[in-house]
Amino acid sequence: MKKFVFLLIAFVSVICLTGCPGKEPEVIDLGTIPEKYLATVPYEDGQTFYLQHESDRNIIPFKVSRHRILSQGNDAWGFEYYGKYKPAPSVYFDYEVDVTTCKPDYPIFDIKLQFSNAYMADSLYYHQPSSQKTAQLNCHNLYALFPLIGEPTGQVTMLDSIEVNGHTYFDVFEFVEEGSSQDIDIKSFYYNYEKGVIAIFMSNGEKYLLYEEE
Amino acid sequence: MLLVAFTSCVKTKIHYVDNDLKVWFVDQDKADFMVRDQNDIVQVFHVYDTVTDMIPGSSYFLCFETNDDLCENIHQDGRVTYFVGDALRLSITNYYETSTHFSLYFYDVCFTIEVADDQFSCSECLDDRALVGTVPCTMEMLDSHEVNGKSYQDIMHFKITDFDAISSRNTFPSELYYAKHYGPIEYELGGKVRCLRE
C-alpha cells in the first residue's frame, strides 16, 4: 500500500511539474495591405524628390527607399507589459509593414513613413479603431500620425489648400509641433496623399519647400 | 615574509590629466553656438560639461603589486542639430604617466592624437560609423585661424585625403578646425558642405 501511495504521489508530482501540453496557438494571416492605403504614401522605391531650402534656393535631393516587411504579433502584449499576468498567446497575426525612408543628399533630417495592416486584428497591440487607421511620420523632432482613411485627429489638421513654390496643393495635412527647445526643431510639416512631403517649416524660420520642375 | 612586506607597501597613486591639455575642452560659457553652411542652413551645437572618471589599474615590480593606480579620464560630449547621437566627444586619459590617450570624435570619425613632449600629431583616423578600420589624414597645429571675422588662437587642423571615404556619407568630415576653449570653429562635411561658426 505504501508503495502504491508513493508511486501515486510521484506520478502526480511529475504531472504537476511538467504541466499539460499547451494548445498550439492559432495563426491568422491578415494578408497584404490594400492598394488604397499604399497609395496614401505616393513614393516608389528608388524615386528622388526635391526640397528647396528657401533662404538660398538650395535644392536638396531626397532618395526614397520603400519596402514591405512581413511581421508577426500576438494578442498578449498588454498583459506582459504590465507584468501582472502573462498568458501564453492564443493567437498570432501575420501582417505587412510598409516602410518608406527618404534620405537627403545633405547633412539634414531623414523622413520616415510607416504603416501596417495590423489594425485589422482586434486584439493586436498595434490595434487602432477602424476609424483611426493611421500611418506614422518621423522626421527630426516630429513624430506624428496621419490617417490612412477618415478625418485627422489630435495635432493634425486638414487644410483645404496651400501654395508652395508657385504650386497649389489641396487637402494637405498640417502637423504642428508645439514644444520648444534650444535646438532648431520642426515647427510645422505639410503632407498630402498626392505629392507626399510638401513643406517643412523650422523653428528658426528656415523653410524647406517641395520643388517641382515646370 | 617578502610578499607581506611588498603588499603592505601598496599605495594608491592617481595619474591626473595634465592641466595644459584641459584647455582643449570647450569652456561652458562657449558651449552653445551656431554654425551656418554656405547654403545658409543653420545648426546649433550644445556641448555638455566635462565628466571625470577614474580608471582603476595596478603597477607591478617583479610580479609584486606596488601601486593601486587610478588613471584620470576626462571626456566631454556635444550634440548638433540633425545628427543622431553625439557629434562631438573629446576624451583625454593619463595612463600611468607613460602615455596620454587623446581622442577627438567628430561626426563619423575619431582622430587619435599622439601627444609627446607637448607635440601633437595625427596621421590617421578611425571611421567610427562604418567600423572598417582607419582612414589617412593630416594634422597641423596653427597659431591662429579666422572664421567669420573672428580670430581664434591655437588650432588643430585636420584634413582627410581619402576621397572615397569622404564622398560616401554626408556625415563624414573631410576637414576640421578645432580651437582651444572653443571646439569646432570650421569644418566640411562630405567634401561639399562647409560650416562656419557664427
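I count two residues as in contact if their C-beta atoms, placed from the backbone, lie within 7 Å. With that cut-off I find 15 residues of chain A in contact with 15 residues of chain B. The side of chain A that touches chain B has five nonpolar, six polar and four charged residues (nonpolar being Ala, Val, Leu, Ile, Met, Phe, Trp, Tyr, Cys and Pro, charged being Asp, Glu, Lys and Arg, and polar the others, Gly among them).

I note that this is a predicted model, in which local features need pLDDT of at least 70 and side-chain atom pairs count only at pLDDT 80 or more, whereas totals for chains, interfaces and linings use all residues. Residues are numbered from 1 along each chain as its sequence is written, and chains are lettered from A and ligands numbered from 1 in the order in which they are written.

Next I looked up Tyr177(B), which, leaving aside neighbours within four places in sequence, is in contact with His145(B), Ile155(B), His157(B), Ile185(B), Glu186(B) and Tyr187(B). For chain B as a whole, the C-alpha trace spans about 75 × 35 × 30 Å along its principal axes.

Last I checked pLDDT, the predictor's confidence in each residue, from 0 to 100: the mean for chain A is 81, and 75% of its residues reach 70 or more. Confidence stays under 50 over residues 77-82 of chain A, for which the model has seven contacts beyond four places in sequence, and also over residues 125-131 of chain A, with 16 such contacts. Where pLDDT is low, the predicted coordinates should not be read in detail.
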